[in-house]
Amino acid sequence: MIKRFFGVLGVVVLVLVIWNWSLLAYAARQGYGQLKIVWEARPIEEFLADPTFPDSLKSKLQLIESIRQYAIDSLGLKDTENYRELFDQKGEEIMWVVQACEPFELKPKTWHFPIVGTVPYKGYFDKQLALDERSRLEAEGFDVSVRNPGGWSTLGWFRDPILSGMLKRNEGDLASLIIHEMVHATIFVKDDVDFNENLASFIGDTAAYYFLAAHFGRNSQQLIEYRHEDQDYRKYSRHILRGTQLLDSLYQSMSSDEPVSDKKKKKEALIQEIMTQADTLSLHVPRKRTGGRLPNNTYFMSYHLYQARQNNFKQELEEEFDGNLKAYIHYLTNQYPFL
């Protein structure tokens, strides 16, 4: 009887392994890629003590520790072992994120993973694997993009190190990024990446103002530069989000029997118009479009994923918490238990 039980159990496990082989293989590759970064990362103190390490980068490492401590003490974000080590990228990208979207509908393709649930992107530590995934998805008819993230959170599964590429950012951008990722390690709702990314963006972008004012002063050049960059980004984001609504209206107006070639022409014409108008925005630093190719639906969905709910969070912060960001974060932490 016992042998029969374990025999049946073995068959069930084997079936599950075969059924979920692609997921298991993906998880194994991701785990190896992340562990490789953790293993090769070195304590910040080693770089600070290294006379050959540039002083300008040493100051950025010290700044990150100040940002981290501010986020813990003044915002109430979780104290973790993150950002106590540095991984030297040696000037190379180390992660590629694949996103896909329906060609005539603003509906992202999603993937389901244990713990975090359903997400609208897939990360790779191997560029070729990311490009292969893009090719497969394009063959299925999806709009696809591949991008390099500035950082990511492993939600406590690993010690997230500082990536050397982060040190190229200016003070305000760096503060926003570090706080954004620390929010993920504090508040993360399963199956709701839209909420998670919008919230982390809102808190990171907002808290960067507070940190810069506290650390450098209210009239500092660092704060002024960040304010200009943030104002530019918000203005551009609002324009792209308006474009997203126009695209959504266009797609809904398309009939099922309309030729695909006609749909493509209408889509490309509208995206061209949106991007042309974006070039006329009055910004402190004009944006430069590169590559000559028009963006596809994934570009617009990315802005929706990270920026569409900013006004909602801002209104809630001001009306219900009188602008007290720490109190707001405390409320959210209790309202949305971590995973």
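This is a predicted model: local features need pLDDT of at least 70, side-chain atom pairs count only at pLDDT 80 or more; totals for chains, interfaces and linings use all residues.
Glutamate 133 is buried, and lysine 122 is buried as well.

**Glutamate 133 and its partners**

- The side chains of glutamate 133 and lysine 122 meet in a salt bridge, with an N to O distance of 4.0 Å.
- Glutamate 133 sits in helix α5 (residues 127-139) and lysine 122 in strand β6 (residues 122-124), so this pair ties together parts that are 11 residues apart in sequence.
- Glutamate 133 also forms a salt bridge with arginine 136, where the closest N and O atoms are 2.6 Å apart.
- Both glutamate 133 and arginine 136 belong to helix α5, and they are 3 residues apart, about one turn of the helix.
- Glutamate 133 counts as buried because its relative accessibility is 6%, under the 20% cut-off.
- Arginine 136, at 46% relative accessibility, counts as partly exposed.

**Glutamate 85 and arginine 159**

- A salt bridge joins the side chains of glutamate 85 and arginine 159 at 3.4 Å, N to O.
- Glutamate 85 lies in strand β2 (residues 85-87), while arginine 159 is in the loop between β7 (143-147) and β8 (162-163), so the pair ties together parts that are 74 residues apart in sequence.
- With a relative accessible area of 16%, glutamate 85 is buried, whereas arginine 159 is partly exposed at 37%.

**A network**

- Salt bridges also link Glu65, Arg68 and Asp79 in a network.

Note on methods. Residues are numbered from 1 along each chain as its sequence is written. Side-chain values use heavy atoms; hydrogens and water are left out. Helices (H or I, at least four residues) and strands (E, at least two) are DSSP runs, numbered from the N terminus. Buried means under 20% relative accessible area, exposed over 50%, partly exposed in between (1.4 Å probe, protein chains only).
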